[in-house]
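Hi,

Here is the structure I said I would pass on. Have a look at it first, and my notes on what turned up follow below.

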Amino acid sequence: MFNCLIWMFVLLCSSIADENNIRDADIFPSSPEIERGSTLKLFCVLGKRYTLHRNASHIIWKLNHELIAQENYDIVNETVSSITIHNFTYSKAHVKCFTKYLGKEQLLVHTEVKSGFPPDTPGNISCIYYVETELTCTWISGRETNLDTNYTLYRKMVTLPNTMGSCQSKTESCSFYYPDTPYSSSFCFQVKAENILGEASSDCVSIPMEKIEKFEPPEILSVKKITGVKQLLTLTWKMPEKIIPSQDLICRVQYRNLYSNSSEFVTVPLNSAEKTGSCNLTGLWDSTEYSVAIQCISVMSIFWSEWSRAKTASTEEKAPSEKVDLWRVIESSHSAGSRSVHLMWKPLNSFPPSGRILGYKIQYFPENNAELKMTNISTDKKIILLLNEEAYIISITAYNSGGNSPEAILRIPSTDEKTSQIIETVRTFTTNEEVVVEWIASEPEVTEYVVEWYEELESDPFGRSWQYVSNSTYWKTNKKNFKPFICYNISVYPLYGNKVAAPYSIQTYVQEKKPSEGPVADTGIPGKNEVTIKWKEISKGKRNGFISNYTIFYKPEDGKELNETVNSDVLQYRLKSLQANTQYTVYIMASNGAGGTSGEPKTFKTLKFDKDDVLFIALPIGLSMLFLLGLWITCILKKHTFKKVCWPDIPNPAESIAVEWPLDASMNNSFLKGVTTEAKPIDFEDVSVLEHCFPEESQEGSLLMNCENHVSECTDINTKGMINGDKNLLYNEENEVDKCFSPSMAYIITDQDTRSQMHSALIPAKEIQPIELLEDDLCESQQTSIKNEENDNEDVLKLEHFSEKALFNPYLKNSVKTREFLTSENLPEHSKNEPKPQSTVLPPFQQNVTGQSYITLDMFGLATAH
């Protein structure tokens with residue numbers, strides 16, 4: 001209540017103060033600190049800048065951005081507004097003062113409020129005394145005040161309480177430094193804590209200085225072995241200079257060998273007057289290195305010094321007690337019968353070890369000649385020997401300052417030596433932490449084996465690992481000895497004596513994952529409905545496991561994806577039943593025990609036709625071309641024969657002897673303008689052929705029938721004439737026969753022609769002389785010719801015994817092989833009275849001429865009257 005009156009008085013004084021001393025707005029009290037759970041009261045004062053248009057009623061309050069309810073407001077006057085918050089429990093909060101005018105809020109001023117607790121009484125005071133250096137005390141302050149709290153440490157004399165020293169701190173520790181660190185056994189220590197809410201002091205606790213003394217750690221001078229004394233080390237050290245005199249001390253020595261994680265301790269009493277100390281460490285291991293450290297304490301104190309810096313030393317050495325672990329890798333023979341033998345060995349397995357190995361002695365000699373022994377010295381754990389094809393005995397010993405180890409002996413077989421297969425089978429499997437190898441041997445008397453393993457891609461023989469196994473066909477090792485996702489070769493070698501039999505080898509992965517890459521597909525040349533997919537094996541370093549199978553995925557354009565799976569030893573596969581003339585996408589996935597990885601896709605397009613289709617199309621074409629070629633060659637070779645058949649030579653009427661053409665008539669006739677003499681060529685363009693002499697196919701039948709009728713008629717008349725012996729009648733009959741042939745012939749037939757045809761011989765004329773004659777002129781000419789040759793006609797009459805069978809002419813469509821001529825009595829009346837057709841020019845008759853397009857008399861036989 002008294003505080004509130006004071007704050008009100010201050011505000012009233014500020015309201016009547018000079019306006020130059022009043023800010024625009026202010027808040028009281030500023031940054032208050034109150035006890036948590038108490039009531040908070042704040043005042044906000046408007047300055048002159050705001051009083052013209054606003055007053056205290058326009059002031060609003062917010063606590064951490066939250067509006068405080070109006071019932072907590074209190075208006076002191078026109079420029080001062082207050083806020084009251086009961087049971088304030090925030091450890092830290094912001095209170096803000098705003099003005100609200102015309103609907104707008106404007107921040108005037110804000111302050112931070114903290115709440116906390118008064119300090120508790122400090123307790124559990126403890127101190128440590130670093131001789132002539134520092135005196136440090138610590139305590140426990142109690143609960144957190146959440147307010148700034150100061151601590152003061154008082155050091156008082158028990159006998160003289162007013163004689164004191166002090167140090168201040170904001171934490172729970174405080175120190176006195178040299179030279180303000182006098183040594184006394186009658187000090188007491190008190191701690192006072194205070195903050196804005198109050199203060200508290202502890203009791204003065206008496207702490208003797210000798211009980212809290214802690215000095216620096218001693219310094220080890222030496223740790224060494226004694227020559228000729230086994231299993232012993234001697235330790236010496238020096239005590240620190242700053243130490244309370246006239247007190248007994250205790251020192252503790254810690255030692256451990258480097259092969260062990262546990263330590264052993266030795267306690268050594270010492271007087272503070274002694275500046276150094278020493279002790280012997282006994283019962284140690286031979287040839288073993290030890291690490292030694294030391295710390296000391298006063299018998300009155302409760303604090304040990306820190307551990308000194310550690311030093312190491314090795315005990316006296318002795319000769320190695322175990323032989324080295326020896327193995328070899330034999331390479332193939334070089335030229336001239338030499339070969340490389342890689343020898344390698346491991347450090348000794350004895351525990352504790354015999355000491356530091358200075359080197360190794362390698363001795364080797366031919367099995368059949370021990371006098372040729374050779375010796376090499378090596379400080380490394382491997383060596384390469386160049387041996388010939390003989391069998392060799394090799395021994396290796398390790399040596400140190402104490403002597404040599406037992407010999408490790410190994411036999412190298414000759415190049416032509418054959419060993420039997422003792423191991424029948426080997427299998428391996430992996431557990432959570434181990435790799436296990438099991439095998440079966442055919443000879444149970446073999447009791448020692450060597451298990452060798454190395455990465456498949458390891459080319460260095462010295463990169464191999466091995467281990468001897470005795471009296472067991474089972475071996476296991478930690479999985480950490482193998483790398484994951486790497487293929488290992490594991491071999492088991494049987495040993496009998498110093499000989500090594502043939503090994504049995506397998507491959508394994510201790511852990512698999514998907515291949516790092518997929519196979520690359522090669523489609524080759526596609527067919528119409530199939531294609532052969534080829535691929536190469538994934539490189540061994542990227543398989544990450546045993547490839548179990550390959551899967552070929554292929555998909556036609558805008559179609560469903562299909563797949564085919566093959567074994568791991570298949571590197572090509574033929575896809576069948578593909579669509580012709582279709583684009584496909586194909587890729588291959590290689591799978592192992594952990595999954596599969598696909599290669600890059602590749603596209604190909606099937607053919608529209610395959611070789612069978614091409615053969616089916618090309619074979620007929622080829623055969624046709626061969627046929628045409630053969631036909632063409634045949635035509636070339638037989639062109640004369642084909643010419644005679646297809647294009648026969650047309651007889652030249654001018655050279656025909658069937659009629660003799662008057663020179664003047666033939667020269668004056670207009671039809672002969674295009675024809676030359678025997679010495680001149682013929683102008684075929686001027687030769688005219690009568691249309692009815694070359695009828696079309698449709699007219700041939702009728703033309704032939706007409707001609708046959710006339711021939712029959714004329715023949716009948718002629719036959720009668722010959723019977724009656726009337727020569728005149730024969731003349732008339734011959735003339736009639738000539739008229740009968742005139743409609744279908746292009747040449748004139750005379751009695752001489754008839755006579756020549758009767759003899760089946762035609763003598764061609766010397767000159768073709770086609771002439772256009774009227775029917776009467778033709779008949780007159782024929783009569784004249786017949787009269788001049790009456791004597792010859794008598795010979796013609798003798799032809800009555802000619803055969804009735806006619807020769808077949810292929811150029812007459814409706815020709816017949818035989819023809820029987822009817823007498824006039826047998827002819828129908830209309831045939832007798834039928835007018836004779838107009839005579840035309842007839843060609844000379846020729847017998848059996850190829851391509852002949854006209855009828856000769858020898859094509860049929862003349863029938864005699866009965």
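The protein chain exposes about 49100 Å², and carbon and sulfur atoms supply 51% of that (areas by the Shrake-Rupley method with a 1.4 Å probe; for residues, only the protein chains shown count as cover). Before you dig in: this is a predicted model, where local features need pLDDT of at least 70 and side-chain atom pairs count only at pLDDT 80 or more, while totals for chains, interfaces and linings use all residues. Residues are numbered from 1 along each chain as its sequence is written, and side-chain values use heavy atoms, with hydrogens and water left out.

**Overall**

The chain has 866 residues, and buried ones make up 40% of them (buried is under 20% relative accessible area, exposed over 50%, partly exposed in between, with a 1.4 Å probe and protein chains only). Its secondary structure comes to eleven helices and 49 strands (DSSP runs numbered from the N terminus: H or I of at least four residues for helices, E of at least two for strands). Among contacts with a separation of 6 or more, 66% are between residues 24 or more positions apart (a contact is heavy atoms within 4.5 Å).

**Cores**

The largest nonpolar core has 27 residues (such a core is a set of buried Ala, Val, Leu, Ile, Met, Phe, Trp, Tyr and Cys residues joined through side-chain atoms within 4.5 Å). Val324, Leu343, Trp345, Ile362, Leu385 and Ile396 have the most contacts inside it. The elements giving two or more residues to this core include strands S26 (325–333), S27 (339–346), S28 (359–366), S31 (392–400) and S39 (488–496). Leaving aside residues up to four places away in sequence, Val324 touches Trp345, Lys346, Leu348, Tyr360, Ile396, Ala398 and Ala408.

Apart from that core lies another, of 24 residues, with Cys44, Leu46, Trp61 and Phe98 among them. The charged end of Lys62 sits over the ring of Phe98, 5.0 Å from its centre (the rule wants NZ of Lys or CZ of Arg within 6 Å of the ring centre and within 35 degrees of the ring normal). Thr99, in strand S8 (residues 92–101), is buried at 1% relative accessible area. Not counting residues up to four places away in sequence, the partners Thr99 touches include Leu46, Arg54 and His58.

**Aromatics**

There are 17 aromatic pairs (rings of Phe, Tyr and Trp, the last by its six-membered ring, with centres within 6.5 Å; planes under 30 degrees apart are stacked, over 60 edge-to-face, the rest tilted). One to look at is Tyr364 with Tyr392: the centres are 6.5 Å apart and the planes at 50 degrees, so the pair is tilted. Tyr364 lies in S28 and Tyr392 in S31, so the pair ties together parts that are 28 residues apart in sequence. Tyr364 is buried at 10% relative accessible area, and Tyr392 is buried at 6%. Elsewhere, Trp453, Trp475, Phe482 and Tyr488 form one aromatic cluster.

**Strands**

S36 (residues 448–455) is mostly covered, with six of its eight residues buried. S36 pairs antiparallel with S39 over eight bridges (pairing needs at least two DSSP bridges), and Glu455 stands opposite Tyr488 there. Six bridges join S36 to S37 (residues 465–470), also antiparallel, with Tyr449 partnered by Val469. Close by in your viewer list, the charged end of Arg464 sits over the ring of Tyr454, 4.1 Å from its centre.Four strands form an open, mixed sheet in the order S14-S11-S10-S18. S14 (173–177) and S18 (213–214) stand at the edges with a single partner strand each, so one side of each is left without a neighbour in the sheet. S10 (residues 123–130) and S11 (residues 134–140) pair antiparallel over six bridges, and Ile128 stands opposite Thr136.

In the loop between S10 and S11, Glu132 has a positive phi of about 55 degrees although it is not a glycine. Phe485, in the loop between S38 (474–478) and S39, has a positive phi of about 65 degrees. A cis peptide bond joins Phe28 and Pro29, with omega about -15 degrees. The bond from Tyr178 to Pro179 is cis too, with omega near 15 degrees.

Cheers
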